[in-house]
Amino acid sequence: MNKPKYKRIVLKISGEALAGEEGFGIKPPTIREIAKEIKEVHDLGVEIAIVVGGGNIWRGQVGSQMGMDRAQADYMGMLATVMNALALQDNLETVGVPTRVQTSIEMRQIAEPYIRRKAMRHLEKGRVVIFAGGTGNPYFSTDTTAALRAAEIDADVILMAKNNVDGVYSADPKVDVTATKFEELTHLEIINKGLQVMDTTASSLSMDNDIPLVVFNLNETGNIKRVALGETIGTTVRGK
């Protein structure tokens with residue numbers, strides 16, 4: 001068996017990644033494949049925490065642009081992440097991976113409240129933990145949640161699984177044909193160059209806590225395992 005590079009990871013999955021080609025809602029075959037890939041990493045003995053977005057169901061920023069109160073719209077987005085987390089939990093347990101969902105907003109009938117020590121205990125026992133509900137506060141993205149939870153649980157790395165994007169580029173490669181891909185960057189370069197990898201709050205948190213970030217394409221089968229084993233794919237962000 002290949003030895004994984006990381007002992008404990010935070011895997012950030014966008015909500016759009018669960019929607020498949022439709023771009024909206026949850027596509028069962030797509031989420032099933034993601035669960036199988038996570039199982040492969042789990043079988044290596046890696047402790048896995050997951051932060052899932054909610055953009056396939058609702059985006060708070062869009063609601064705000066439509067005239068909604070921003071805080072209200074963001075809370076709706078947090079609930080969308082809970083729906084995605086429950087769907088992912090169900091698929092993971094179907095393939096034999098014990099999984100717990102913890103939410104930053106209490107809803108005890110369907111998930112545990114987020115408790116740092118309990119989350120770490122689940123990980124130590126080989127359970128996957130899905131952090132849902134964002135940070136529990138409006139105005140903060142799920143990218144920030146990933147950086148915050150990674151710092152709290154002392155994760156070795158944040159694996160940012162992108163939907164049909166294989167790394168960090170100097171510009172949008174779909175729009176600018178001259179866009180170049182970066183193999184390595186620092187968190188400070190991400191902030192200074194204004195690269196759309198994660199929001200500046202998340203980048204600052206990752207930089208301050210010295211948490212490396214690997215940005216890669218989720219849509220290529222086996223990529224999560226490749227990154228966990230330390231293969232050089234996508235873009236690696238580390239240091240200041």
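Biologist: What order do the nine strands of the open sheet come in?
Modeller: The order is β4-β3-β5-β2-β1-β6-β10-β11-β9, and the pairing is mixed. Strands here are DSSP E runs of at least two residues, helices are H or I runs of at least four, and both are numbered from the N terminus. Two strands pair if DSSP finds at least two bridges between them.

Biologist: Before I go on, what am I looking at?
Modeller: It's a predicted model, so local features need pLDDT of at least 70 and side-chain atom pairs count only at pLDDT 80 or more, while totals for chains, interfaces and linings use all residues. Residues are numbered from 1 along each chain as its sequence is written, and side-chain values use heavy atoms, with hydrogens and water left out.

Biologist: Which strands stand at the edges?
Modeller: β4 (112-113) and β9 (184-185). Each has a single partner strand, so one side of each is left without a neighbour in the sheet.

Biologist: How many bridges join β3 to β4?
Modeller: Two, and those strands run parallel. Gln102 has Glu112 in β4 as its bridge partner.

Biologist: And where is Gln102, buried or exposed?
Modeller: Gln102 is in strand β3 (residues 99-103). It's buried, because its relative accessible area is 0% and the cut-off for buried is under 20% (exposed is over 50%, partly exposed in between, with a 1.4 Å probe and protein chains only).

Biologist: What does the Gln102 side chain make a polar contact with?
Modeller: The side chain of Glu112, at 3.0 Å. The Gln102 side chain also reaches the backbone nitrogen of Ile115 at 3.4 Å. A polar contact is a pair of N or O atoms within 3.5 Å; within protein, one must be able to donate a hydrogen and the other to accept it, and residues adjacent in sequence count only if both atoms are side-chain atoms.

Biologist: Which residues does Gln102 touch?
Modeller: Not counting residues up to four places away in sequence, the list includes Tyr114, Lys118, His122, Val129 and Phe131. Contact means heavy atoms within 4.5 Å.

Biologist: Moving on to β5. What does β3 do with β5?
Modeller: Five bridges join them, and they run parallel. Thr103 stands opposite Ala132 in β5. β5 is also joined to β2 by three bridges, again parallel, with Phe131 as the bridge partner of Val51.

Biologist: Which way do the β5 side chains point?
Modeller: Val128, Ile130 and Ala132 point one way, Val129 and Phe131 the other way, and all are buried.

Biologist: OK, helices. Which strands does α3 lie across?
Modeller: Helix α3 (residues 70-94) lies across β1 (8-13), β2 (47-52), β3 and β5 (128-132), and runs at about 170° to β3. Axes are lines fitted to C-alpha atoms, for helices over the stretch in contact, and angles run from 0 to 180 degrees between N-to-C directions.

Biologist: What span should α3 have?
Modeller: At 1.5 Å a residue, its 25 residues should span 36 Å, and the end C-alpha atoms are 37 Å apart, which agrees. The expected span is 1.5 Å times one less than the number of residues.

Biologist: What caps the N-terminal end of α3?
Modeller: Asp69, with a side-chain oxygen 3.3 Å from the backbone nitrogen of Ala71. Just after α3, Gly96 takes a positive phi of about 90°.

Biologist: What is Ala85 in contact with?
Modeller: Ala85 is in α3, and leaving aside neighbours within four places in sequence, it contacts Val52, Val101, Ile130 and Ala132. At 0% relative accessibility, Ala85 counts as buried. The C-alpha atoms of Ala85 and Gln102 are separated by 9.0 Å, though they are 17 residues apart along the chain.

Biologist: How many residues has the largest nonpolar core?
Modeller: It has 39, and Ile13, Ile38 and Ile50 have the most contacts inside it. A second, separate core of 28 residues includes Val129, Ala147, Ala150 and Leu185. A nonpolar core is a set of buried Ala, Val, Leu, Ile, Met, Phe, Trp, Tyr and Cys residues joined through side-chain atoms within 4.5 Å.

Biologist: Last one: where is Asp154?
Modeller: Asp154 is in the loop between α5 (142-152) and β6. Asp154 has a positive phi of about 60° although it is not a glycine, and it's exposed, with a relative accessible area of 58%.
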